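Here is a short walk through a predicted model. Have the sequence and the coordinates at hand, and follow the paragraphs in order.

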Amino acid sequence: MLRIEIAVEDAAAGQTRWDAIEFSIPADFHAHNDAVAAALMTLVGTTYQAVSFNFPISSSCAETLQAAYPGVVVGPADPSLEPRRPGQRIGLSFSGGLDSTGALALLRALEVEPAVITSAYEHFDFEARGYSHHHRDITCHTNLRCHRLDRSGRFNSAVPLLHADYLGLGMVTTGHTVNLSGDCLLLPGEVERPTFLQSDLVVNAAGLQELHLVRSLHNHGLSRLLMYLAPQWIEIGLSGTHRPTSEKYYTKAWIFTYLYRQAGLPLPGFLAQLVWPRRSIPFGLDIGMDLRMLHMAKHADFHQVRRICPDLGSYDLTFLRDIELRFLERYHPTIAALLPQDLRPKVLDLFEAAGILPYDAHDWQEIAAVRAFLASIDAHYL
């Protein structure tokens with residue numbers, strides 16, 4: 001067990017508060033100081049003006065962390081300390097949910113065998129229903145979420161960063177899709193540097209590169225890819241996405257009901273009787289959820305959609321009559337261009353084999369229409 005003690009100095013109160021978090025580790029665990037520092041910074045982000053460790057880090061690590069977390073002084077830096085050297089393997093941050101399962105299926109189809117890394121959080125037992133069916137190189141049990149250290153930084157990167165040396169990682173990847181940020185609604189000419197690239201610095205500090213493997217896809221496109229590459233994993237991945245009564249489970253499961261019907265295939269049993277979410281879904285707060293709800297409003301029974309998202313009844317959705325939202329099943333060509341040159345043609349070939357094409361002029365028009373609607377209702381993420 002790796003135990004990390006944290007002291008928070010409150011100058012105004014003249015007090016120092018102590019806390020501790022734990023990570024289960026292999027018996028022969030080892031880590032470069034830079035990797036440990038980068039991992040711990042994902043837990044606090046920009047919450048504090050200064051963060052110091054009781055061990056030195058390389059100057060390049062300190063500089064990169066300060067660029068990743070503007071306004072935070074990080075140290076102590078030792079100019080004589082060699083930065084962490086990257087390894088050769090690709091690490092996959094694997095929760096067992098649909099998105100990371102889709103990323104794993106894609107890597108296997110590319111004949112890439114990643115180091116599969118799972119962060120096992122207390123009170124997130126549903127994730128084990130997904131990841132327990134797959135081989136993992138690391139399953140790290142940690143109580144960081146119990147200590148509310150999952151709110152300020154990129155906390156899901158903590159475990160992969162801690163194990164970067166142990167696993168010999170040179171790159172890390174995730175199941176992150178384009179609809180995790182407003183970049184998904186930017187038009188050609190507006191995407192000079194996608195905002196998510198700023199978070200690459202979080203792993204760059206430990207000598208790692210970020211592989212944006214499925215970042216050019218929406219949830220719908222990644223679902224289509226999983227249906228093509230590994231349909232036997234859909235039920236498993238869905239079970240690891242969230243509890244069956246959650247909004248996330250319901251809306252992601254509905255994507256597959258749509259895809260199966262679109263393909264003229266009978267629905268598998270696990271999709272035949274979906275349970276209504278326990279809570280209603282608010283609109284205008286989360287871009288990924290909002291796009292899923294608009295897709296349902298277009299392609300499902302609208303009365304049922306209003307039942308789970310009452311807010312939609314307050315808006316004029318007539319713009320949906322003239323669009324299909326097919327861009328949700330396609331890939332963003334500008335973001336796909338971020339793939340490494342040796343992988344890009346292979347990835348795009350697999351996308352197109354699954355029926356996932358690049359955006360065309362019609363798709364950009366639909367994206368503009370969706371963005372105009374969301375702007376009209378003052379969606380908070382625009």
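Start with two strands, β3 at residues 50–58 and β4 at residues 73–78. They pair in the parallel sense, over 5 bridges. Between the two strands the chain runs through helix α2, residues 59–68. This β-α-β crossover is right-handed.

Stay with glycine 75. A cis peptide bond joins glycine 75 to proline 76, with omega at about 5°. Proline 76 itself sits in strand β4.

Next, a backbone detail in a loop. Arginine 148 is not a glycine, yet its phi is positive, at about 60°. Look for arginine 148 in the loop between β7 (138–142) and α5 (158–162).

Now move on to a helix pair. Helix α8 covers residues 219–229, and helix α10 covers residues 247–262. How far apart are the axes of α8 and α10, and at what angle do the helices pack? The axes are 10 Å apart, and the angle is about 60°. An angle from 65 to 115 degrees would count as roughly perpendicular. The two helices are therefore oblique to each other. In handedness, α8 passes α10 in a right-handed crossing.

Which residues meet? From α8 come Asn219, His220, Ser223, Arg224, Leu226 and Met227. From α10 come Lys252, Ile255, Phe256, Leu259, Tyr260 and Gln262. By class, this contact has 6 nonpolar, 4 polar and 2 charged residues.

Note on methods: Residues are numbered from 1 along each chain as its sequence is written. This is a predicted model: local features need pLDDT of at least 70, side-chain atom pairs count only at pLDDT 80 or more; totals for chains, interfaces and linings use all residues. Side-chain values use heavy atoms; hydrogens and water are left out. Two strands pair if DSSP finds at least two bridges between them. Helices (H or I, at least four residues) and strands (E, at least two) are DSSP runs, numbered from the N terminus. A crossover is right-handed if, with the strands pointing away from the viewer, the path from the first strand over the helix to the second runs clockwise. Axes are lines fitted to C-alpha atoms, for helices over the stretch in contact, and angles run from 0 to 180 degrees between N-to-C directions. Angles under 35 degrees count as roughly parallel, over 145 as roughly antiparallel, 65 to 115 as roughly perpendicular and the rest as oblique. A crossing is left-handed if the near helix is turned anticlockwise from the far one by less than a right angle, and right-handed if clockwise. Contact means heavy atoms within 4.5 Å. Ala, Val, Leu, Ile, Met, Phe, Trp, Tyr, Cys and Pro count as nonpolar, Asp, Glu, Lys and Arg as charged, and the others, Gly among them, as polar.
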